[in-house]
Every structure is written in C-alpha cells, then in structure tokens.
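Reader: Could you walk me through this two-chain model, with the cut-offs behind each term?

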Amino acid sequence: MTLLTLARILALFGSLSLVSLGGRNSVLPEMQRAAVEQYGWMSDRQFADLFAISEAAPGPSSLMVALIGLKAGGATGASGLVGAFAAVAAMIGPACFLTWLATRGWERLRRSPWRAAAERGLAPITVGLVAASVLTIARSNDHDLVAWGVTLATAALVLGTRVSPLALMAAGALLGALGFI
Amino acid sequence: MASYRTIPTSSMSEPAVPAAGAPAAGEIFRAFLRIALVSFGGGLALWMQREIVERKRWLSPEEFLAGLALARVLPGANQVNLGTHVGARLAGGRGALAAVAGLTAIPFAILVVLGEAYFRFHEVPALRAALHGAVATATGMALAMGIKLARPYAARFDAIALAAAAFAGVHVLRWPVPWVVLVLAPLAIAWHRPRASANREAAVLADDRAGDSRREKGA
C-alpha cells in the first residue's frame with residue numbers, strides 16, 4: 001500500500017465520520033462512489049458483498065469501513081491490516097471525540113430539572129426510532145414470506161422462551177445455507 | 001439544592017435505579033466486548049440496553065434511552081457514539097476509550113479474517129445463503145427487544161404519540177433520523193418541561209443517584 005492510498009483512506013473516512021448523521025447507511029452511497037468509481041479499489045459487486053458480510057458480522061455496522069480499507073490496502077497481509085485499521089480509526093475517531101465533548105456537557109446539566117425532562121421526553125422518541133430501524137432491516141433482508149416468518153418466529157421465541165440468541169442465529173444460518181430461506 | 005441532599009435516598013429500594021458504583025475501565029471493556037460478540041446487524045443498541053441497563057444496572061432505562069437519542073443526533077456511527085457516551089458517563093475519558101475498544105476489537109478482527117477469506121476464495125454461494133438466514137433471525141431478535149423496550153410506555157398516551165411520530169417520520173415522511181430527532185426532541189422536552197414539585201423531586205432523586213456513584217468512584 002502506498003502512502004497516497006493511506007492518506008486517501010484517512011481523508012475519506014475522516015471526513016465521512018463527521019457527516020455520517022444517523023450512522024453508516026447515510027454515507028453508504030458516498031463510500032461506494034469513492035471506493036468503486038473514484039479510487040477503483042473494488043468492483044460494484046465486491047462492494048455489495050462487503051456490505052452483506054459486515055451486516056452479518058457482529059459489532060457496529062460502521063466497521064464495514066475495515067473491509068474497504070483492507071481491500072484498498074491490498075486485500076491481505078500486513079498492508080491490508082494497516083489499511084483496515086486506518087479506515088476504522090478515521091471513521092470512528094472524530095465522531096467519538098465529538099460525542100465525548102457532548103457527554104461532558106450533558107453531565108454538567110446533572111442538577112438541572114431540564115435534563116430530567118429531556119430524558120423523559122427523548123426516551124419514547126427512541127422507542128419509535130428503534131421500531132423504524134427494525135422495519136428497515138426487515139425490508140432489506142426479508143424478501144419473501146419464509147424470511148418474514150423466520151423473523152417473526154424468532155421474535156416470538158426470544159419473548160416467550162429462554163433459548164440462547166446465538167443458537168437462534170446458528171439455526172437461521174443453517175436454514176439459509178440449506179436453501180430454506 | 002443543598003438542602004435537598006438531606007432527604008434519604010431511596011436508591012436501595014427502588015428497582016428502576018441502577019446499582020450505585022462506578023465500574024472500572026477494565027470492567028467496561030469486558031462488558032462492551034460481550035455486547036459486541038452477541039450483537040448482529042442492527043440490534044447492537046438493544047443488546048447494549050440489555051447488558052448496561054438490565055444486567056449491570058449501570059444506568060437507568062431513561063438515562064440509557066436519552067443517551068441513545070443523543071448518540072443518534074450526533075454525527076458518526078450511532079452504536080459507537082452510544083458506547084462513547086455510556087463509557088464517558090461511567091468513567092470519563094478512560095471509560096469512553098474502554099467502551100469503544102471493547103465494542104470494536106473483536107468485530108474488527110472477525111471482519112479482517114472474513115474479508116481476507118472473501119478476497120482469497122471469493123464467493124461461496126452457501127456462505128451467502130447462510131448470511132441471509134442469519135440476518136432474518138437477527139431481525140427477529142431486534143424486533144423482540146424493541147417490543148421489550150416499548151412495554152413501559154404501553155399505557156402512556158403521550159409516549160405512544162411521540163414514538164408513533166418518530167416512526168412515521170422515518171417511514172412515512174422518509175426524513176433522515178437526525179431531522180426526526182431535531183424536530184421531535186424540542187416538542188417532547190417542552191411537554192415534560194420542569195413544573196412545580198413533582199419534577200423537582202425527580203431531579204433531586206437523579207441528583208442523589210449521581211452523587212452516590214460519584215462518591216463510590218472516589219472511594
């Protein structure tokens with residue numbers, strides 16, 4: 001990996017970090033444009049595959065930039081690893097710093113009754129947004145009745161039984177691999 | 001405010017109040033490591049809720065949800081922002097670093113290994129099909145936890161209206177999430193604006209709670 005590539009990785013994800021309002025999905029088109037069209041790091045199809053891999057892997061979805069950095073850095077070996085690490089550091093560093101500053105301000109309001117009002121008022125909004133996110137994920141993945149059925153059955157099992165989430169996950173992956181979903 | 005501090009705190013008997021005591025950075029790191037490991041797809045904030053609020057009781061449900069709203073308004077990955085916020089509240093800058101490191105270390109390693117395998121062997125259809133099935137299951141788990149999260153508000157009309165407005169903002173008006181929060185948050189805060197004695201009591205309780213954790217941190 002050349003220094004130019006490293007600089008491009010840092011500049012691209014460092015700037016996306018501060019404009020990615022609402023998380024990775026708001027800057028996905030911009031990532032795709034830069035990685036595929038502008039820098040030619042990968043094909044369109046590879047970009048879509050990396051998206052799918054990052055969706056199924058554990059952890060924050062914004063870590064998808066590790067896969068883009070890995071490919072930009074040479075796909076394998078130490079060079080790829082440096083690219084992956086640089087992409088993640090650039091993507092989460094600036095935004096984390098801003099959040100840390102905002103949290104300090106939030107803590108300073110500790111004695112204010114306005115903070116209690118904010119906590120009581122913001123919580124239901126978040127409940128609505130969580131519901132909205134669930135629908136978004138379901139729409140992008142569940143294209144037929146079987147997949148919707150698996151999603152709803154999983155929800156019922158989680159609410160009604162004590163079955164391990166990881167076991168459910170493995171069962172879903174197995175059903176998918178066998179071609180049922 | 002000082003005079004209110006003589007009121008005995010009810011934090012021992014009140015189940016909604018998190019157990020006092022600030023965790024060490026190492027403990028925060030391990031908690032977030034665990035959260036990252038069990039989360040798939042979009043359910044991370046909900047797994048965090050389960051670990052931080054239900055299991056560890058480090059934050060109350062409302063503190064956590066308000067933090068989630070804050071994390072969503074700020075730029076950057078919501079989940080990483082939320083980790084930063086929770087870590088910073090529990091143990092300052094060290095806590096924030098511990099949370100973010102815990103949240104990203106193992107997923108990063110897994111992604112690098114998966115990515116290398118992908119670029120070496122390219123596409124295996126069975127693998128893709130398995131991923132598809134796993135995401136369908138993960139969505140169901142997110143749905144279940146969303147239902148759990150909504151239960152305390154089931155009988156409160158104002159909360160239902162706010163939640164429905166937020167949902168409609170995303171899926172009917174198709175606004176970006178930050179806009180939805182920036183429009184609804186001032187309305188929600190105005191609705192719950194500090195009034196008379198009831199709110200003052202709540203604020204004092206919240207203050208005592210924070211004071212408890214601060215004292216334990218110093219000890």
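This is a predicted model: local features need pLDDT of at least 70, side-chain atom pairs count only at pLDDT 80 or more; totals for chains, interfaces and linings use all residues.

Reader: Which pattern does chain A follow along the sequence?

Author: Helices (H or I, at least four residues) and strands (E, at least two) are DSSP runs, numbered from the N terminus. Chain A has 8 helices and 0 strands. Its pattern along the sequence is therefore α-α-α-α-α-α-α-α.

Reader: What percentage of the residues of chain A count as buried?

Author: A residue is buried if 20 or more other C-beta atoms lie within 10 Å of its own, exposed if 12 or fewer, and partly exposed in between, with C-beta atoms placed from the backbone. Applied to the 181 residues of chain A, that gives a buried share of 52%.

Reader: How is H1(A) oriented relative to H5(A), parallel or antiparallel?

Author: Axes are lines fitted to C-alpha atoms, for helices over the stretch in contact, and angles run from 0 to 180 degrees between N-to-C directions. Helix H1 (residues 3–19) of chain A and helix H5 (residues 77–108) of chain A have axes that come within 7 Å and cross at roughly 30 degrees. Angles under 35 degrees count as roughly parallel, over 145 as roughly antiparallel, 65 to 115 as roughly perpendicular and the rest as oblique. H1(A) and H5(A) are therefore roughly parallel.

Reader: How many nonpolar residues does the contact of H1(A) with H5(A) have?

Author: Two residues are in contact if their C-beta atoms, placed from the backbone, lie within 7 Å. Those in H1(A) include A:Leu6, A:Ile9 and A:Phe13, and those in H5(A) include A:Ala86, A:Met91 and A:Pro94. Ala, Val, Leu, Ile, Met, Phe, Trp, Tyr, Cys and Pro count as nonpolar, Asp, Glu, Lys and Arg as charged, and the others, Gly among them, as polar. By class, this contact has no charged residues, 4 polar and 13 nonpolar.

Reader: And how are H7(A) and H8(A) oriented to each other?

Author: The axes of helix H7 (residues 145–160) of chain A and helix H8 (residues 165–177) of chain A come within 11 Å and cross at roughly 160 degrees. Their contact involves A:Val150, A:Thr154, A:Leu157 and A:Val158 on H7(A), with A:Pro165, A:Leu168, A:Gly172 and A:Leu175 on H8(A). From that angle, the pair is therefore roughly antiparallel.

Reader: Which helix gives the largest share of the side of chain B that touches chain A?

Author: The contact takes 91 residues from chain A and 100 from chain B. On the chain B side, 68 are nonpolar, 21 polar and 11 charged. The largest share, 24 residues, comes from H4(B).

Reader: What share of the residues in chain B is buried?

Author: Chain B comes to 8 helices and 0 strands. Among its 219 residues, the buried ones make up 49%.

Reader: Is B:Pro61 buried or partly exposed?

Author: B:Pro61 lies in helix H3 of chain B. Its C-alpha atom is separated by 9.9 Å from that of B:Pro152, 91 residues apart along the chain. With 16 other C-beta atoms within 10 Å, B:Pro61 is partly exposed.

Notes
Residues are numbered from 1 along each chain as its sequence is written. Chains are lettered from A and ligands numbered from 1 in the order in which they are written.
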